[in-house]
Amino acid sequence: MNSTANLVNRLPSDLGGLPAEPIQQIDHVLLPWEKRCHALADVLDFHKIINTEEKRRGVEQLGSEMVGKLTYYERWIVCFANLLFQKGLLTPEELALKMEEVEARHTTTPTA
Amino acid sequence: MTSSKPSVHVVKALGEEPSFKVGDRVRISARYPIGHYRVPTYMRGKCGAVEFVIEPTAVNNEEEAFGRNAGKKGYYYRVGVPLAELWPGYTGPPQDRLIIEIFEGWLERT
Amino acid sequence: MTTDTHHHDHDHDHDHQHGPNPHHQDPKNVDTPPPGYYEIMEIAVRELLIEKKLIGPGEIRRQIEVLDSRTPALGAKVVARAWVDPEFKARLLANGRLACEREFGISFYDDTQLIVLENTDKIHNVVVCTLCSCYPRPVLGLPPDWYKAKPYRARVVKEPRAVLSEFGTEIPAEVEIRVNDSTAMLRYLVLPKRPVGTEDFSEEQLASLVTRDTMIGVVNVSLANKNTP
């Protein structure tokens, strides 16, 4: 069997039984944007624009590098963008322009 | 205070009755889909017992993940497998087990 | 836990941090760090969805209020009631969601069912979601980071006794461990054992002993833990 088959047929989130380190009992208070992101997931599910299972698949499809390196809510927001593109509800161009606009609002101007 | 059910004759639709009942021995299919699944790799091909029949039927979550918010519904079952059968060399007591929900499409009778 | 308690009379959601100067879009507020890449993405996605009328302008704020109202204190009340009222306990074990909805008004906004797993002298339950982070959010709030991270998800299904030891919990060999892996529409709340020495406690006092981790099943309720998650 091709040795890379494991990368394909085992999802990056399928962790049960894998070797892992001792548990660090970490927790953090959600940042405001993270909480808004969680609320967004629920609202998208209520509208059946992106249901919870689609979100899970969308996060898996980010692939192992992103799943490993992005934090929990970072994975969610990228996943939502991708799923909205796939559904034709948003385009990458629209999102890029809006992100530029949002960033410009928050650019601090030097004090006089 | 118990009351006996009135005796009527109805024909049930296909799929209305669960295929498995509590206590049935089942095997979780040893197939390896790519793209998306909701049965962890560690469960594939394992045998266990049905512990609970989840009611009512529900849409196959593996299909829901592709945007099907409706579709053919089926039964999910809680299946129990001893940890000693899941993991070679398990050092805990033999009664320790894992229980997981599995959609009917993944279960075969043994 | 921070809660967004101030109210705006605008009908759209704000994207600024709620720092010391929470004015509407004040780019000169040097006390608030500018949003990072992912926050910018979140703001942009949300605003576009509202502009396209795919979601309503107040829905996110409302859902944040829903989330903020769900904390382990809810689960603790349910557990305490089950400890003092055997008939309630029977109803809870028969249908967790219905008992929570009808008798405590805890609504289940996410379409999930709730199974309450009773720990006894013979059985100890612990809950995990190996594939993602399924968790009984309507009755416990949001899960801790460690529950969603690799070590717990990878190891508790394979070596639950070692994992529980890391939480300071030793389960005797005569007690059967059941690891419950959530994968579908069921969510699990552990009904932990009532500690010895609480026979004269009021329901409120009992609830104050029940922490989040006892309802996940990684620790037992003890008289020592009061209100620490």
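Trainee: What should I know before I start?

Mentor: Residues count from 1 along each chain as its sequence is written, while chains are lettered from A and ligands numbered from 1 in the order in which they are written. The model is predicted, with local features needing pLDDT of at least 70 and side-chain atom pairs pLDDT 80 or more, whereas totals for chains, interfaces and linings use all residues.

Trainee: How many helices and strands are there in chain A?

Mentor: Elements are DSSP runs numbered from the N terminus: helices are H or I with at least four residues, strands are E with at least two. Chain A has six helices and zero strands.

Trainee: What is the radius of gyration of chain A?

Mentor: That value is taken over C-alpha atoms, and the globule rule is 2.2 Å times the number of residues to the power 0.38. For 112 residues a compact globule would come out near 13 Å, but chain A has 18 Å. Its C-alpha atoms fill a box of roughly 65 × 35 × 30 Å along the principal axes.

Trainee: Is Lys48(A) buried or exposed?

Mentor: Buried takes 20 or more other C-beta atoms within 10 Å of a residue's own, exposed 12 or fewer, partly exposed anything in between, with C-beta atoms placed from the backbone. Lys48(A) counts as exposed because it has 11 such neighbours inside 10 Å. Lys48(A) sits in the loop between helix H2 (32-46) and helix H3 (52-60), and its phi is positive, near 55 degrees.

Trainee: Which residues does the cis peptide bond join?

Mentor: Glu55(B) and Pro56(B), with omega about 0 degrees. Pro56(B) lies in strand E2 (residues 47-59) of chain B.
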